[in-house]
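Trainee: Pick one part of this protein and take me through it slowly, please. I'd like to see how the pieces sit next to each other.

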Amino acid sequence: MRNAVAQLGILVLLATPSFGADIDRVLVQKSENKMYLLSQGDRIRDYNIVLGWDPTGHKREEGDGRTPEGTYILDYKKDDSSFYKAIHISYPNEQDKVWARKMEINPGGMIMIHGRKNGMSKNERQAKRFNWTQGCIEVTNEEMDEIWDLVEVGTPIEIRP
């Protein structure tokens with residue numbers, strides 16, 4: 001997409017980024033601690049991420065420290081979170097709920113992509129040295145601003161081992 005600006009009678013074309021609202025999927029590779037924003041299968045942006053403190057395996061119950069695996073929807077944005085902005089992941093899905101009922105456990109919830117915890121140190125480099133969340137996906141605040149602008153509510157997210 002291009003914007004046209006008339007300047008002193010001369011038409012000037014300003015390029016605008018082609019990675020705007022066309023992000024149609026988010027992909028997380030837990031084993032790589034990476035998250036990708038995709039458009040028609042092409043990687044548009046990638047981020048180093050922090051996961052749950054026990055990242056191996058699918059989240060099964062509240063408090064297990066795991067980040068879920070599977071396909072979910074980014075179903076709402078929360079700008080008044082305890083973290084710097086958050087986008088909610090639709091975990092648990094129906095399959096997760098059925099399994100948890102069968103096992104008589106609480107699957108947990110409130111899994112989000114978010115920035116740093118409010119009031120925490122801004123030392124982003126040190127914060128990314130280890131997985132520590134309860135199952136969420138953390139990025140830097142600057143990255144969260146970018147993701148917030150690029151990813152629409154309703155976008156699918158696939159979280160792979």
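**Around the β6-β10 pairing**

Mentor: Let's start with β6 and β10, which pair antiparallel through five bridges. Keep in mind that this is a predicted model. To get your bearings along that pairing, find Ile73: the residue opposite it is Pro156 of β10.

β6 has another partner in β7, again antiparallel, with four bridges between the two.

Now zoom out. These strands belong to an open, eight-stranded sheet with mixed pairing, and its order is β5-β4-β3-β10-β6-β7-β8-β9. The edges are β5 (42-48) and β9 (137-138); each has just a single partner strand, so one side of each has no neighbour in the sheet.

β3 and β4 are joined by five bridges and run antiparallel, and Val26 has Leu37 in β4 as its bridge partner. α3 packs on the sheet, where it touches β4, β5, β6, β7 and β8 (112-114). The direction of α3 makes an angle of about 150° with that of β5.

That brings us to the packing. The largest nonpolar core has 24 residues, and the members that touch the most others are Met35, Ile89, Ile137 and Ile157. At least two core residues come from each of β3 (25-29), β4 (34-39), β6 (70-78), β7 (86-89), α3 (141-150) and β10 (155-160). α3 gives the largest share, with four residues.

Mean pLDDT for the protein is 84, with 80% of residues at 70 or more. Residues 1-21, though, have pLDDT below 50, and the model gives this stretch 23 contacts beyond near neighbours in sequence. I'd keep that stretch apart from the pairing we began with, where β6 and β10 share five bridges.

Terms used. Residues are numbered from 1 along each chain as its sequence is written. This is a predicted model: local features need pLDDT of at least 70, side-chain atom pairs count only at pLDDT 80 or more; totals for chains, interfaces and linings use all residues. Side-chain values use heavy atoms; hydrogens and water are left out. A nonpolar core is a set of buried Ala, Val, Leu, Ile, Met, Phe, Trp, Tyr and Cys residues joined through side-chain atoms within 4.5 Å. Buried means under 20% relative accessible area, exposed over 50%, partly exposed in between (1.4 Å probe, protein chains only). Two strands pair if DSSP finds at least two bridges between them. pLDDT is the predictor's confidence in each residue, from 0 to 100. Contact means heavy atoms within 4.5 Å. Axes are lines fitted to C-alpha atoms, for helices over the stretch in contact, and angles run from 0 to 180 degrees between N-to-C directions.
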